Amino acid sequence: MSSPGPDVFVIVLSLGRFTKEEADTVDLIKQIFGHEASQFSIVLFTGGDNLDEESIEDYVRQSKSTELKKLIRDCGNRFLAFNNREKQDKTQVIQLLNMIEEIKNSNEGRYFTNSMFEEAEMSIRKKMEEILKEREREIEIQTQILQAKCEREMKNMTRRRKTKSSSISRAQSFVPASLSLRMKKSRC
């Protein structure tokens with residue numbers, strides 16, 4: 001990240017349905033930058049002209065998307081809508097700039113810093129290591145189960161081979177005896 005770090009993250013969403021892809025993207029941002037990034041975030045809706053007479057606050061309040069409401073709550077209820085048709089209207093840009101100033105003031109001039117990003121990265125690494133260790137344990141257990149099964153099968157095969165071998169030996173011991181009896185009878 002560039003020094004000293006960003007003043008604010010602006011999460012831009014289209015007005016309308018809050019899609020799974022958008023929710024996944026927001027989750028990815030949280031994973032990459034950590035939960036502290038939400039202290040530096042604003043949600044900006046495009047397509048505010050589609051609201052007609054409804055305010056953006058009413059739109060959010062009436063939204064059925066719990067993920068959207070949670071995102072806005074996580075961002076300190078900082079959100080606004082840009083009207084795409086009013087390109088000459090500077091008030092919406094001024095409103096965004098004022099919101100950025102509010103964030104800077106509420107964060108006491110702090111930026112989202114490299115150390116915050118590095119903390120988030122460390123947290124991600126730690127989670128990944130835990131996941132890898134858990135996966136290694138699962139693989140080790142599966143290996144032990146397969147090894148035990150293989151050993152049982154080997155013992156069963158050895159037992160069957162010994163049983164067959166002793167049956168063949170017994171059968172062979174009968175064959176010469178019966179043959180010798182026949183030979184004696186034929187001489188008489």
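How many cavities of 30 Å³ or more does the count come to? The count comes to one, where a cavity is a set of points, on a 1 Å grid over the protein atoms alone, at which a 1.4 Å probe fits but cannot get out. The model is a predicted one, in which local features need pLDDT of at least 70 and side-chain atom pairs count only at pLDDT 80 or more, whereas totals for chains, interfaces and linings use all residues. Residues are numbered from 1 along each chain as its sequence is written, and side-chain values use heavy atoms, with hydrogens and water left out.

**The whole chain**

Colour the protein by secondary structure, with helices (H or I, at least four residues) and strands (E, at least two) taken as DSSP runs numbered from the N terminus. There are five helices and three strands, and from the N terminus on they run β-α-β-α-α-β-α-α. Of the 188 residues, 26% are buried, where buried means under 20% relative accessible area, exposed over 50% and partly exposed in between, with a 1.4 Å probe and protein chains only. Among contacts (heavy atoms within 4.5 Å) with a separation of 6 or more, 80% are between residues 24 or more positions apart.

**The cavity**

Select Ile11, Val26, Ile29, Lys30, Gly34, Ala37, Ser38, Ser41, Leu71 and Cys75, which line the largest cavity; lining residues have an atom within 4 Å of a point. The volume of this cavity is about 70 Å³, a volume being the space filled by probe spheres set on the grid points, which are joined across faces, edges and corners. Helix α1 gives the largest share of the lining, three residues. By class the lining has six nonpolar, three polar and one charged residues, with Ala, Val, Leu, Ile, Met, Phe, Trp, Tyr, Cys and Pro counted as nonpolar, Asp, Glu, Lys and Arg as charged, and the others, Gly among them, as polar.

**Helix α3 and its surroundings**

Leu71, one of the residues lining the cavity, leads on to helix α3, residues 66-74, where Leu68, Leu71 and Ile72 are buried. Looking down the axis of α3, you will find its buried residues within an arc of 95 degrees, so they line one face of the helix; the arc is that of the directions from the helix axis to the C-beta atoms. Turn to the other side of α3 and Thr66 and Arg73 are exposed. The cover over the buried residues of α3 includes β1 (9-14), α1 (20-33), β2 (41-46), α2 (56-62) and β3 (79-82). After α3 comes glycine 76, with a positive phi near 70 degrees.

**The cores**

Which residues of the largest nonpolar core touch the most other members? They are Leu13, Val43, Phe45, Ile56, Tyr59 and Leu71, out of 18 residues in that core, a nonpolar core being a set of buried Ala, Val, Leu, Ile, Met, Phe, Trp, Tyr and Cys residues joined through side-chain atoms within 4.5 Å. At least two residues of this core come from each of β1, α1, β2, α2, α3 and β3. A second, separate core has nine residues, including Ile42, Leu44, Ile100 and Ile103.

The elements giving two or more residues to its lining are β3 and α4 (91-106), and by class the lining has five nonpolar, five polar and three charged residues.

**Single residues**

Go to serine 63 in the loop between α2 and α3, which is buried at a relative accessible area of 14% and, leaving aside neighbours within four places in sequence, is in contact with Leu68 and Lys69. By contrast, aspartate 52, in the loop between β2 and α2, counts as exposed at 66% relative accessibility.

Aspartate 52 also has a positive phi of about 60 degrees, although it is not a glycine. Asparagine 77, in the loop between α3 and β3, likewise is a residue other than glycine with a positive phi, near 55 degrees. Most residues other than glycine have a negative phi.

Finish at lysine 104 in helix α4, which is partly exposed with a relative accessible area of 26%. The C-alpha atoms of lysine 104 and aspartate 7 are separated by 6.4 Å, although the two residues are 97 residues apart along the chain.

Conventions:
On a 1 Å grid over the protein atoms alone, a cavity is a set of points where a 1.4 Å probe fits but cannot get out, and a pocket is an open set with protein on both sides within 12 Å along at least five of seven lines; lining residues have an atom within 4 Å of a point.
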